[in-house]
Amino acid sequence: MTVVGLGLPSVATISSAPATSAPADGPLIDTFGRIATDLRVSLTDRCNLRCTYCMPAEGLDWLESDRLLRPAELTRLLRIAVTRLGITSVRFTGGEPLVAKHLEDVIAATSSLRPRPEITLTTNGVGLARRAEALKRAGLRRINVSLDTVDPTRFAAITRRDRLSDVLAGLAAAKAAGLDPVKVNAVLDPETGLDDAVALLRFCLEHGYQLRIIEQMPLDAGHAWERGRALSADDILATLQQHFDLTPDTAPRGSAPAELWQVGGGGTVGIIASVSHAFCSACDRTRLTADGQVRNCLFARQETDLRLLMRSGADDAAVEAAWRAAMWAKAAGHGINDPGFVQPDRPMSAIGG
Ligand code: SAM
Ligand code: SF4
């Protein structure tokens, strides 16, 4: 197998036999030796919020229903991922996964797979208060709730919906249901984000949530992202250091994207420098869209159509081989900082963040 080194942490022991195509078995590996064990599944491209950095106010042209994976197709792909491809963790996302009525059923089906994968959810938290317990019962263990500010006026401006109280109730319900940890994902507004970060960290420390601040990426549907306008991890860290006593967390990061800081007095905060300090060399992710396309990267410009393959009668071995081939072709990095970078056609909400 031909594996090209990235000059970064070695993630696999590779035989030196040359091969131009993906291995037929073993881990889900790419030509750089990275092994994908973390599957991100988008359950829907629809959403009940309209975050300015993600979706336009009028929404998008949603995927037609016959293009969406049917529950049995999704369950089959999850089984193939876990039992044939070595996937050990599955994160459900979207769009907004709570908009998907079958979320609890999908989680329960995933939970029944052996070896049982770790199951997590990324949600905007609207409606979570009513479903947190059922999600936990179905097999959910951890949750990330997206919240960019705790100021109601700014929340309404960023999401174009007045739903802050719903999200706060969702967070509280997640904690009460025993989901652990409860993480808060924040993408900061370029104008107000540094103030928001300070208030968010205070709020999270007070409630026992783990804050993760994510650099804004060029994945908005309007292609309006501008280099230099979005706040960088360095800006965010410098601001937080003015208000909190932060020391670097020395535990090995592995493939975790967040650089973690211990906060004096207890708690942690993570900063995910997806753009300014890319962590592609340690990437362990593979992605499945709601319409059954495998993507080997958020920024991939090509997809592999597993829905079509399944609907044309392919057996599990053929689906597995197609998934392996898709991952084998994964690029070294997202290329955001390259002069020729081209944003993918699909926005974040249709890929699954
Ligand atoms: N609707 C759910 C939510 O907001 O958590 C799940 C899907 S959303 C696409 C997943 C994550 O992607 C959220 O934390 C969101 O803030 C983040 N996100 C969306 N657009 C982004 C962008 N352009 N850059 C960085 N993160 C983004
Ligand atoms: Fe919806 Fe999540 Fe995109 Fe906001 S970030 S519009 S909540 S998909």
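**Entry 1: terms and model**

I take partly exposed to mean a relative accessible area between the buried limit of under 20% and the exposed limit of over 50%. By that scale Arg67 counts as partly exposed, because its relative accessibility is 35%. I note at the outset that this is a predicted model.

**Entry 2: salt bridges, the overall search**

I searched the whole structure for salt bridges and got 19. As background, side chains of opposite charge can pair when their charged atoms come close. I then went through some of the pairs one by one.

**Entry 3: Arg67 and Asp291**

I looked up the partner of Arg67 and found a salt bridge to Asp291, at 2.9 Å from N to O. The two residues are 224 residues apart, so I noted where each one sits, and the pair links distant parts of the chain. Arg67 is in the loop between strand 3 (38-42) and helix 1 (71-84). Asp291 is in the loop between strand 12 (285-288) and strand 13 (293-295). Is Asp291 buried or exposed? I read 0% relative accessibility for Asp291, so this residue counts as buried.

**Entry 4: Arg79 and Asp316**

Next I checked Asp316, which forms a salt bridge with Arg79. The closest N and O atoms of this pair are 2.8 Å apart. I recorded Asp316 as buried, because its relative accessible area is 17% and the limit is under 20%. Arg79 has 32% relative accessibility and therefore counts as partly exposed.

I also followed the shared partners. Arg67, Asp291, Arg295, Glu303 and Arg346 are joined into one network by salt bridges.

**Entry 5: Arg40 and Asp38**

I looked at one more pair, Arg40 with Asp38. Their salt bridge has its closest N and O atoms 2.8 Å apart. I find both Arg40 and Asp38 buried.

**Entry 6: Asn296**

I located Asn296 in the loop between strand 13 and strand 14 (304-305). Its relative accessible area is 11%, so I put Asn296 down as buried. What does Asn296 contact, leaving aside neighbours within four places in sequence? I listed Arg285, Ala326, Met327, Ala329 and Lys330. With Ala326 I looked at the atoms: a polar atom of the Asn296 side chain lies 2.9 Å from the backbone oxygen of Ala326. I also took a distance to Thr192, which is 104 residues from Asn296 along the chain, and the C-alpha atoms are separated by 34 Å.

**Entry 7: helix 2 and helix 3**

Two packed helices are described by the angle between their axes and the distance between the axes. I looked up both values for helix 2 (residues 103-111) and helix 3 (residues 128-138): the angle is about 20° and the axes are 8 Å apart. That makes helix 2 roughly parallel to helix 3, because angles under 35 degrees count as such. I noted the crossing of helix 2 and helix 3 as right-handed. On the helix 2 side, the residues that meet helix 3 are Leu103, Glu104, Ile107, Ala108 and Ser111. Helix 3 contributes Arg131, Ala134, Leu135 and Ala138.

**Entry 8: Ser274**

Last, I found Ser274 in the loop between strand 11 (268-272) and strand 12. Ser274 has 5% relative accessibility and so counts as buried. Apart from neighbours within four places in sequence, I see Ser274 in contact with Ile214, Glu215, Met217, Phe279 and His334.

Conventions: Residues numbered from 1 in each chain as written. Chains lettered and ligands numbered in written order. Predicted model: local features only at pLDDT ≥ 70, side-chain atom pairs only at ≥ 80, totals over all residues. Heavy atoms only, no water. Salt bridge = Lys/Arg side-chain N within 4 Å of Asp/Glu carboxyl O. Buried < 20%, exposed > 50% of the residue type's maximum accessible area, 1.4 Å probe, protein only. Helix = DSSP H or I, 4+ residues; strand = E, 2+ residues; numbered from the N terminus. Contact = heavy atoms within 4.5 Å. Polar contact = N/O pair within 3.5 Å; in protein donor to acceptor, adjacent residues only side chain to side chain. Axes fitted to C-alpha atoms, helices over the stretch in contact; angles between N-to-C directions. Parallel < 35°, antiparallel > 145°, perpendicular 65-115°, else oblique. Left-handed = near helix turned anticlockwise from the far one by under 90°.
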